[in-house]
Amino acid sequence: MNFGFTEEQELLRDEVRKFLDEQCPMDRVRELMKTGDGYSPELWKQMAELGWLGLTIPEEYGGAGLSWVDLVVLLEETGRTLYPSPFISTMLAAAAILDSGDDAQKQRFLPGLADGSRIGTLALLEEADVLGVEGIGLLGKRDGNDFVLSGTKSFVSDAGSANLFVVAFRSGEGANDVTLALIEREANGVSAESFPVMDQTKRLGQLALDEVRVPADAVLGKPGEAAAAITRLFDRGAVAVSAEMVGAAEGALYLTVQFAKDRIQFDQPIGKYQGVKHPLAEMYVDVESFKSLVYYAAWALDESPAEAPRSVSLAKAYATDAFARIGIDGVQLHGAVGYTAEYDVQLYLKRSKWARPIFGDADHHYERVAALGGL
Amino acid sequence: MEFTFTEEEERFRTEVQEFLAENLPDDAKRSDPAFLADWNRKVRETRWVGFSWPKEVGGGGGVIVEQVILKAEMAKRRAPSLGNCFMGLAWVGSSIIQYGTEEQKKRFIPDILDGKYQWCTGYSEPDYGSDLASLQCKAVREGDEYVINGQKIWTSIAMWSKWMILLVRTDPDAKKHDGITCVLVEMKDPGIEVRPIENMAGGAMFAEVFFTDVRVPVENRLGAEGQGWQVTISALANERSGIAEVTGMFRKLEELKELARRSRRNGKPATEDPGVRKKLARFEAQVEAMRLNGMRYLTKQLKGEPLSSETSVNKLHRAELEVTMGDYALELLGSSSQYAQGSNASIDRGKWQTGALNWPEVVIGGGTPNIQKNIISERILGLPKD
């Protein structure tokens with residue numbers, strides 16, 4: 001029985017924290033979030049050199065061969081500092097290839113994702129914003145052994161900077177007849193862009209496909225049989241976003257705790273008053289709790305897949321509701337300065353708005369928990 | 001991360017399961033005095049009563065993982081408690097083991113393990129509840145005796161107890177925490193008057209206790225004079241991860257889901273109502289969070305780090321769940337929630353009402369939610385003391 005991190009994982013945490021504190025403090029975050037692609041290619045390269053971009057990629061494909069629990073350690077830290085980069089997107093693209101790809105596809109794409117030369121992302125959703133196989137309408141027309149795709153994938157994270165897209169499309173009549181394929185940005189008929197987002201540390205956009213040809217060797221797994229893999233990717237995405245929420249919520253909490261210690265009103269630090277300290281205690285209770293749920297969900301993804309759906313949904317649902325409240329309370333406890341662009345707490349509030357719908361809001365996941373629990 | 005137990009630990013689990021299979025049939029009448037007498041006799045033959053206490057004093061010498069396994073298996077089968085001296089086993093005994101003289105250990109520990117009689121706890125006073133350290137019940141030393149005058153309140157099971165662990169003020173001039181002494185008092189003293197208090201659910205589990213010139217021999221003092229606060233705190237300091245309680249919370253959740261399955265809303269099964277489904281799923285998230293928080297705290301304990309303030313997290317969850325789940329059962333029942341216990345029209349003999357009215361025992365008993373929030377914000381977040 002050991003629900004804790006190993007010494008190596010704690011060392012990884014220290015290393016990541018040191019890197020982000022030194023290389024990307026909040027003023028640097030603020031610079032990067034105003035750039036077009038919203039990340040620093042130079043820091044991206046350093047992350048590759050440190051082995052973090054290939055963290056979950058097996059050694060034979062140029063990675064470190066670690067688990068999603070290790071990835072959670074990293075994501076907690078990128079969340080805490082609101083570090084802007086296409087890191088989650090790339091990890092998810094790698095997971096799609098690892099979960100469903102054949103050896104040739106792994107050889108061809110994974111080393112590039114690990115060394116930072118490729119930025120990957122998932123293109124699963126469409127305008128209807130339905131998180132499930134039923135939300136996939138893009139039709140793949142058969143042409144010999146190829147599929148030909150025309151249409152738009154929406155809500156694609158880091159669409160502007162990615163050069164490798166994991167695209168879900170419909171490949172036949174059956175309700176579950178869906179397929180995953182890899183499409184490179186350089187292919188004919190591909191255009192992708194990010195739009196300005198409320199949380200400026202994130203990028204979200206769309207992938208437009210015009211008669212794009214998908215050869216058989218770009219299909220992940222068997223055509224028409226990707227439904228389970230897609231659900232699994234949604235689950236991985238939910239865990240990744242939730243892991244960043246753990247760090248970000250903790251970041252917002254300790255920023256506000258510090259403010260409550262420093263700010264004097266009625267001759268006392270405001271943190272002395274129960275009207276201030278009790279909401280902070282409630283934030284702590286929530287962060288501790290969804291932290292436990294997220295750690296377990298990450299563990300279940302790899303080690304106990306049968307219980308992963310319930311664990312993932314409990315984690316994402318709890319985290320989503322709690323972080324939304326923490327963002328709002330954080331700003332409110334700061335008073336008027338919390339409303340200013342100058343103070344960082346507002347950046348965390350915006351992150352909580354970002355994290356809510358991405359890979360499913362609380363309603364979506366609680367409904368799934370109810371159904372899985374026999375209701 | 002690793003969620004399996006060692007072979008040895010699994011063997012212990014099997015031992016517990018086998019004992020329960022043999023001695024706790026599914027149809028056991030858990031409140032029947034004859035069954036309980038038999039149960040208590042049988043469990044006394046195991047080493048599980050006082051399992052965490054050292055073997056030298058007659059305890060079981062169980063390590064932490066074994067204690068957790070034992071409690072979880074017991075809770076799964078809704079087993080009656082081990083031993084029947086509730087407070088003696090919960091904290092009086094450990095205080096005596098830690099601070100008592102050899103005489104006191106010999107005199108009290110075997111009786112607690114055998115469940116010969118009940119102990120009660122005289123802490124709260126009418127004017128000092130959350131602010132316990134300001135207590136005023138007075139003890140004046142006269143020769144080899146303390147003479148006690150004052151009042152305690154909210155003393156659970158005082159009317160059925162033979163002994164009380166009592167906090168008194170021996171030095172009114174010392175700083176408030178330093179003037180307190182702990183004494184063990186026999187309840188039969190003619191100067192003690194116990195008046196039961198009826199609670200809002202109609203029961204009377206707690207009482208007021210009045211002390212008039214009650215004489216307690218100095219040999220019944222636990223710890224040194226002025227050490228009473230420390231004696232109390234260290235009994236509470238060895239916090240548990242709270243995993244065993246979670247099994248009970250999961251059972252309550254299942255009962256609530258079962259109630260939802262046979263309830264209707266707007267003419268349809270309640271389980272088809274999205275609001276009901278979400279509410280039940282949220283309860284599940286909170287109970288699961290308690291379970292996993294408990295596992296993280298247990299891991300910390302296993303690494304040899306004592307638990308302290310972090311256990312307030314699960315206490316707050318438990319408090320909220322006791323209130324909200326108890327209340328939600330009534331909401332699901334709709335208008336029929338109104339028929340009182342004992343009325344022929346009541347659902348399930350009115351048990352949901354009891355659940356909705358008895359939460360203060362848990363929620364207020366061990367320190368109110370606001371006190372838990374003070375603990376978290378001051379001791380963990382480092383905010384200035386209120």
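Is B:Asn266 buried or exposed, and what is its relative accessible area? The points below take up this question and some others, and they concern a predicted model.

1. B:Asn266 is exposed, because its relative accessible area of 76% lies over the cut-off of 50%. This residue sits in the loop between strand 9 (264–265) and strand 10 (268–269) of chain B, and its phi is near 50 degrees, a positive value in a residue other than glycine. For a student meeting this angle, the background is that most residues other than glycine have a negative phi.

2. B:Arg78 is placed in the loop between helix 3 (64–76) and helix 4 (86–99) of chain B, and with a relative accessible area of 43% it is partly exposed.

3. Turning to chain A, one finds 11 helices and 10 strands, and the C-alpha atoms fill a box of roughly 80 × 50 × 40 Å when this is taken along the principal axes. A compact globule of 375 residues would have a radius of gyration near 21 Å, and the value for chain A, 21 Å, agrees with that. Buried residues make up 61% of the 375 residues in this chain. Of the contacts in chain A between residues at least 6 apart in sequence, 74% join residues at least 24 apart.

4. A:Ser161 belongs to the loop between strand 3 (146–157) and strand 4 (164–170) of chain A, and despite this loop position the residue is buried, with a relative accessible area of 12%. If its neighbours within four places in sequence are set aside, A:Ser161 is in contact with A:Asp37, A:Tyr39, A:Pro86 and A:Ile119.

5. How do two of the helices in chain A pack, and at what angle? Helix 7 (residues 227–262) and helix 9 (residues 308–334) of chain A have axes 9 Å apart and meet at an angle of about 25 degrees. Because angles under 35 degrees count as roughly parallel, helix 7 of chain A is roughly parallel to helix 9 of chain A, and the crossing of these two helices is left-handed.

6. Residues on both helices make this contact, including A:Ala238, A:Met245, A:Leu255 and A:Phe259 of helix 7 of chain A, and A:Val312, A:Phe323, A:Ile326 and A:Leu333 of helix 9 of chain A. The residues of the contact between helix 7 and helix 9 of chain A divide into 16 nonpolar, 5 polar and 2 charged.

Definitions and conventions
Residues are numbered from 1 along each chain as its sequence is written. Chains are lettered from A and ligands numbered from 1 in the order in which they are written. This is a predicted model: local features need pLDDT of at least 70, side-chain atom pairs count only at pLDDT 80 or more; totals for chains, interfaces and linings use all residues. Side-chain values use heavy atoms; hydrogens and water are left out. Helices (H or I, at least four residues) and strands (E, at least two) are DSSP runs, numbered from the N terminus. Buried means under 20% relative accessible area, exposed over 50%, partly exposed in between (1.4 Å probe, protein chains only). Contact means heavy atoms within 4.5 Å. Axes are lines fitted to C-alpha atoms, for helices over the stretch in contact, and angles run from 0 to 180 degrees between N-to-C directions. Angles under 35 degrees count as roughly parallel, over 145 as roughly antiparallel, 65 to 115 as roughly perpendicular and the rest as oblique. A crossing is left-handed if the near helix is turned anticlockwise from the far one by less than a right angle, and right-handed if clockwise. Ala, Val, Leu, Ile, Met, Phe, Trp, Tyr, Cys and Pro count as nonpolar, Asp, Glu, Lys and Arg as charged, and the others, Gly among them, as polar. The radius of gyration is taken over C-alpha atoms; the globule rule is 2.2 Å times the number of residues to the power 0.38.
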